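Thank you all for making the time this morning. Let me put the sequence and the structure on the screen, and then I will go through them part by part.

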Amino acid sequence: MEALLTQQVDQNIKTTGADAVLRALIAEETSLIFGYPGGAIMPIYDALYHYQEEVRHVLTRHEQGAIHAAQGYARATGKVGVVMATSGPGATNLITGIADAMIDSTPLVCITGQVGSNLLGSDAFQETDIISISMPVTKWNYQVTKAEELPEALAKAFYIAKSGRPGPVLIDITKDAQFGSLEFIYEKCEVIRSYRPVPKLELDQLSKAAELINGAQRPFVLFGQGVILGNAEKEFKIFIEKTGIPSAWTLLGLSALPTDHPLNVGMLGMHGNYGPNKLTNECDVLIAIGMRFDDRVTGNLETYAKQAKVIHFDIDPAEINKNVKADIAVLGDCKEVLVELTRLARMNSHPVWREQFREFTRIEEEQVVKKELQPSQGQITMGEVVNGINDETKGEALLVTDVGQHQMVACRYTKFNQSKSSITSGGLGTMGFCLPAALGAKLGNPEREVIAVIGDGGFQMTIQELGTIFQTQTAVKIVILNNSFLGMVRQWQQLFFDKRYSSTEMENPDFVTIAKGYGIEGKSIDDRTDLQNAIQEMLSHDGSYLLEVHVGKEDNVFPMVPSGASVSEVRLS
Amino acid sequence: MEKSFTISIFTENSIGLLNRITSMFTRRHLNIDSLNTSESELAGVHRFTIVVKTTAEQVKKLVLQIEKQVEVLRAVYHQDDETVFQEIALYKVSTKSVADGNLVEKLIRDNHARILSMEQDFMIIEKTGHKEETQELLEFLKPYGLIEFVRSGRVSVMKPMEESNELRKRISNF
């Protein structure tokens, strides 16, 4: 009897590498995987078949679609996104998404199949050196050639992906490791000797920062995705409310603070708001929280906030003094830092200084916003569509955008009441990101309205994912802002290249018919009077829906800080 | 202004880490002057010594990015006067051309070099020192029919005791 029992326990522990992968994923609470099978990952897909009850696998139409979907899922839920692909082309098709996740700090675990370890380096069928290829764009990667390495490798992968400043991790598993056997004992990873994800908070730096903030006459807060990744939205709001400091967001910081919050003064950077750009060069203390001074935010560094003392709060020591010199740097976890900072900060309200922002808002309203949101004539503008969506969703929708003019307009004008509601490709600017990311966001948040706003160019870069939306019956609402141009490039050609429209005009197919082919309802409009009804129809439709809006072909996005110019040279026309 | 910096990197011993580290130089269009990897005095800890010519600003940022890598325990950079460093060079010369007794003696004495191996056709001279010193001997030997020359990467230890202790302190917590 005793012998029999031991045998059963043994059977339970002893398993295959492929099975161990699935068990590890389940131990890490993975319930959704995006991927695409192929030869070198077949044993893992076979194991997946066995665990269908525990783990859902979404078959995309391209590996790039799979990874963007995982990114959308991760950004919408705060969980680690999981992707699977086969060796060779399967793995290389992930690279754009991995690079995107790296630069936008998105936690991902990518699992790729690899040829058998005896074939490594032999130019075997579908062999690529994905470890070397992915090295510069992963936070960590590792090749597993023996089944018994799998539990530890996967535990480390999840820990590294989600801890500290998150990022993508790739685990490459040779076919023999998938077939091999091991005793499966899984322990979550909690520490790695050479890895310190959260630097220790230095209280003396923090008190110096608080002192500077307390003495400031014209303090200005710039916040980024660090606030969202650190789950510190509440602490951030309490801090700015106590200190009364006007606060502007980076593209990825969007939705961390509700749009209608009185201290939310708008967006920073190239197509950001007028006041935040102008007043960057007027403030006396610049307080950067969880942001990295991207060149699209700063414009010309030589003329960026030279008058101000700069305080930089970040979790990543390598961000300090990378682009903008900090007078005071405070490293640490965003939430912890903000709680402590709020304790040391004095109550304030800065009424005169805040009035300056309002003055700039009025100018922008008059010269830019009105024309964009309430045009009296001409073709429908992108802003009108976004505004029309706002009227229906009241700030509750989750917005996913692609890259280009529509992205800037949608992020400028969409209203948000809650965090993790804007998902876009920021750092890498990956066209084709939106459609699959929206699918992932909706699958992670089925109860929320997810609206994908896409340009006609980006839509066609991953249009095949309509097939995944169709097969999974995911109720993503797709809004195509169609100007038959690669609009942002065309805008630059108009403004900086004498209107020489080199390869930017597009002859597009009938998008509604394409959607119909995938069983997705749709409508195309180009008349202003149809707009609101069409938006209502889309939102009330049960299931996915595609709304194509023909917008002004040669409309431009303003304000604009021309490339290489100073933020104070922001143009309104 | 560009200067020569020695970067010392202490890492776990894992496959591919060399690639990960050198790609960070490639990405910044930096040419590596020399590179050496070896064990360190700490069990399981490997040590990279990389010499690169760049600005103080750039090296500071680069080292922070290197230290950020998951398998890097610590990365530091120094200027030449803050470290003690050596390189080794081997010279293969025709025995006949330097066989004049006086010349060989002068060569060995003046250069603190030594003869590692002597064959009928060739001999191998070894010299350790800074690059300028091994270079000087190279120039000296050129007229005598130098057959082969090779110089190692720099190895370097840092002078300040606190820095040597810092890593030990970090690791001992594990």
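How many residues of chain B are in contact with chain A, and with how many residues of chain A? In this predicted model, 16 residues of chain B are in contact with 15 residues of chain A, where two residues are in contact if their C-beta atoms, placed from the backbone, lie within 7 Å. On the side of chain B that touches chain A, at least two residues each are supplied by strand 1 (2–12), helix 1 (17–27), helix 2 (56–68) and strand 4 (72–78) of chain B; helices (H or I, at least four residues) and strands (E, at least two) are DSSP runs, numbered from the N terminus. That side of chain B has 5 nonpolar, 5 polar and 6 charged residues, with Ala, Val, Leu, Ile, Met, Phe, Trp, Tyr, Cys and Pro counted as nonpolar, Asp, Glu, Lys and Arg as charged, and the others, Gly among them, as polar.

A word on conventions and confidence. Residues are numbered from 1 along each chain as its sequence is written, and chains are lettered from A and ligands numbered from 1 in the order in which they are written. Since the model is predicted, local features need pLDDT of at least 70 and side-chain atom pairs count only at pLDDT 80 or more, while totals for chains, interfaces and linings use all residues. The model scores ipTM 0.94 and pTM 0.96. The mean pLDDT (the predictor's confidence in each residue, from 0 to 100) is 97 for chain A, with 98% of its residues at 70 or more, and 92 for chain B, where 98% of the residues reach 70 or more. Over residues 1–9 of chain A, however, pLDDT stays under 50, and the model has 0 contacts beyond four places in sequence for that stretch. Where pLDDT is low, the predicted coordinates should not be read in detail.

Turning to chain B itself, its secondary structure comes to 5 helices and 9 strands, and its C-alpha atoms fill a box of roughly 60 × 35 × 30 Å along the principal axes. The domain assignment, which is automatic or from a database, gives chain B domain 1 (2–78) and domain 2 (84–151), and the C-alpha centres of these two domains lie 31 Å apart.

For chain A, the assignment gives domain 1 (14–183), domain 2 (203–357) and domain 3 (380–554). The C-alpha centres of domain 1 and domain 2 of chain A are separated by 37 Å, and their contact takes 5 residues from each of domain 1 and domain 2 of chain A.

Finally, a helix pair in chain A: how do helix 2 (residues 17–27) and helix 8 (residues 150–162) of chain A pack? Their axes, which are lines fitted to C-alpha atoms over the stretch in contact, with angles running from 0 to 180 degrees between N-to-C directions, are 9 Å apart at an angle of about 30 degrees. Helix 2 and helix 8 of chain A are therefore roughly parallel to each other, a term for angles under 35 degrees. Here G17(A), A20(A), V21(A) and A24(A) of helix 2 meet L150(A), P151(A), L154(A) and A155(A) of helix 8, and by class this contact has 7 nonpolar, 1 polar and no charged residues.

Methods:
Parallel < 35°, antiparallel > 145°, perpendicular 65-115°, else oblique.
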